[in-house]
Amino acid sequence: MTKEVHSFQAETQQLMNLMVHSLYSNKEIFLRELISNASDAVDKLRFEEITNHNLIKSEKENSISISSDKEKHILIIEDNGLGMSKEEIMNNLGTIANSGTKKFLEKLSEQDKKDSNLIGQFGVGFYSAFMVASKITVESLSAHGGSAHKWVSTGDGSYTIEECDKETRGTKITLELKEEEKEFADDWRIRSIVKKYSDYVTYPIYLAETKDGKVEENRLNKSTPVWARNKRENKTEDYQELYKQISMDWREPLLWEHMSVEGLVPFNAVVFVPSEAPFDLYTRDNHGLHLYVKRVSISEKCKELLPEYLRFVAGVVETDELPLNVSREILQQNNKLPQIKKQVVKKVLTALQNLSQNDNEKYLNFYKVFGAVLKEGFHFDHEQHEALSELVRFKSSKTGKDGYVSFKEYIERRADAQREIYYLTGSSFDAVERSPHLEALTSRGIEVLFLIDPIDEWFIMSYAKHGEYNLKPIHKGEIDLTGIGKESEDEKKSEEAPAEQLVGLIDLFRTKLANDIKEVKISKRLRESACCLVADENGMSAQMERIMKASGQSFGESKRILEINPAHSLIKNLAERKNKGTEETTLNEWVEVLYETALLSEGSPVKNPGTFAKRLTKIMEMASGK
Ligand SMILES: Nc1ncnc2c1ncn2[C@@H]1O[C@H](COP(=O)(O)OP(=O)(O)OP(=O)(O)O)[C@@H](O)[C@H]1O
């Protein structure tokens with residue numbers, strides 16, 4: 001047969017031109033594409049073999065062979081798959097069948113045509129080889145028989161096709177590399193690309209390497225990957241090695257889960273929870289799981305498979321339910337990934353629950369590092385509230401600085417008649433531990449959770465109720481503890497001043513502090529302290545205000561309510577003085593100092609520390625002179 005010359009379809013030519021002149025920097029993906037095509041061709045052969053026994057046999061095992069000639073800048077990729085007839089070659093390599101490539105071209109007509117990054121996003125299959133080759137020869141013998149054909153193109157608008165001598169079934173692709181791309185003929189370069197993208201291709205990938213004058217065929221890819229094997233075949237070290245390879249973390253993982261899911265979207269996965277926080281835990285935006293489709297690496301960090309609040313999880317998911325050249329955009333729209341994600345999330349949360357039940361110490365070590373991140377889930381994943389609520393831990397008025405309590409334990413040891421879960425927000429354990437807000441609750445033996453992570457203010461906005469128990473802030477709104485718990489005899493309040501005796505003093509507070517506070521009220525929550533500040537029911541807590549300020553989102557300071565303790569001797573004395581008509585100026589000073597101490601005890605700064613110190617000194621001076 002003579003050599004025929006054919007022009008490429010217009011779209012194909014457009015694509016070729018782009019490839020030939022591509023400025024895309026990640027050109028190495030061409031090898032991934034060619035290996036993936038070769039692996040597909042072997043897949044197709046194996047599928048047909050089941051029903052058709054007349055296919056040409058191969059003496060070699062089903063495999064992909066790579067060889068190169070550094071001197072001549074030649075790279076060859078050969079497979080013993082199904083191969084192509086003349087018509088198939090012309091159809092497949094002259095037109096654009098691949099849906100990913102079509103999408104790529106559509107995108108190009110809308111967007112800047114020079115946007116070379118699109119190439120990487122779409123993975124344009126066979127044609128990407130023109131990024132590195134000045135001439136490509138494809139020789140193929142179909143396993144169905146007939147004669148072998150050779151297709152040759154330099155990517156300049158046309159290709160030639162003619163019969164050729166090829167005795168073995170399958171396809172051989174010879175790339176004549178451009179001078180500036182000759183590195184792709186180097187063994188080390190080939191090895192590293194295969195390792196990176198095609199390590200888990202089902203069929204062996206061999207590289208012909210010359211050592212001491214002899215050619216050796218060395219296998220580059222692994223055999224069946226850890227996640228595709230039966231769990232029982234894997235050893236602990238297999239998982240540990242996989243973890244290190246995909247996470248770049250040299251420490252052992254805390255735990256892993258191997259999933260083989262049948263169902264609607266079948267997939268295999270291995271997910272890992274690290275034992276230590278990665279350095280970029282709070283800043284990372286490249287979280288995700290490594291996604292494989294038919295053993296081909298599609299995305300190293302597939303965000304669609306993992307919610308942000310599990311961004312510390314590393315792992316691999318493999319499914320055959322997606323097309324190979326799936327683009328990032330398609331990944332985002334794909335409806336199968338959310339189903340996989342849901343199951344992965346469930347599995348990780350269950351694994352953590354199991355850990356907390358079986359080895360609480362280990363779990364708490366995990367929680368100390370990752371707890372705050374996990375809590376973000378309350379805001380973003382309402383579906384998982386129940387599971388997450390079993391995983392959160394808190395410090396409290398009963399745990400001490402190093403301990404933790406779960407919701408479950410809190411409820412188990414709640415006080416008599418207690419129907420709410422009490423909490424207090426603040427910036428640290430030390431800052432809340434001695435808060436005046438705690439006094440009435442502590443004296444009744446009621447435990448108060450300390451929400452002292454910056455994320456807690458958001459956590460509480462998304463999780464206001466645990467089962468039948470409302471979460472109740474003790475630093476906001478009214479608090480009524482009547483009948484709850486039991487007040488110990490020696491902690492009972494000393495006698496309160498009758499309300500009418502406090503009217504004058506309350507008025508004084510109101511006038512003097514008009515610019516700073518919203519209201520003055522008689523407190524039910526104080527025991528030792530003379531006064532404290534509370535936000536109203538829907539107001540912003542002092543901690544929230546500080547966080548907003550620190551992140552540059554201050555809405556101005558909200559005024560809080562000053563509560564005074566009617567049983568405190570200082571308040572009683574001041575009320576008496578006021579009622580006796582003691583000079584206003586002195587009383588004003590006391591009122592100011594009381595307000596400022598209330599600010600300090602909730603962790604807020606006083607407006608003018610110098611004035612505060614002077615006032616305090618004056619009062620101490622007066623007291624010491626008595
Ligand atoms: N080594 C090969 N053996 C047999 N057929 C091949 C080989 N390489 C390519 N082909 C054929 O050429 C077609 C075009 O390949 P190309 O890489 O452009 O897209 P694709 O492989 O179809 O894309 P996708 O991988 O998304 O299906 C393939 O569908 C296949 O039919």
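1. Two strands pair if DSSP finds at least two bridges between them. Strand 22 and strand 23 (residues 560–564) are joined by four bridges and run antiparallel. Valine 534 has isoleucine 561, in strand 23, as its bridge partner. Note that this is a predicted model.

2. Next, the sheet around this pair. The sheet is open, has three strands in the order 21-23-22, and its pairing is mixed. Strand 21 (517–522) and strand 22 (531–534) are the edge strands, each pairing on one side only. On average, neighbouring strands of this sheet are turned by 25 degrees against each other, direction ignored.

3. Helix 16 (residues 499–512) lies across strand 21 and strand 23. Helix 16 runs at about 165 degrees to strand 21.

4. Now strand 7. Of the eight residues in strand 7 (residues 170–177), six are buried, so the strand is largely enclosed by the rest of the structure. Buried here means under 20% relative accessible area.

5. Which strand is joined to strand 7 by eight bridges? Strand 4 (residues 133–141) is, and the two run antiparallel. Isoleucine 136 stands opposite leucine 175 in strand 7.

6. Strand 3 (residues 74–79) also pairs with strand 7, through six bridges. Strand 3 and strand 7 run antiparallel. What stands opposite lysine 172 of strand 7? Glutamate 78 does.

Definitions and conventions. Residues are numbered from 1 along each chain as its sequence is written. This is a predicted model: local features need pLDDT of at least 70, side-chain atom pairs count only at pLDDT 80 or more; totals for chains, interfaces and linings use all residues. Side-chain values use heavy atoms; hydrogens and water are left out. Buried means under 20% relative accessible area, exposed over 50%, partly exposed in between (1.4 Å probe, protein chains only). Axes are lines fitted to C-alpha atoms, for helices over the stretch in contact, and angles run from 0 to 180 degrees between N-to-C directions. Contact means heavy atoms within 4.5 Å.
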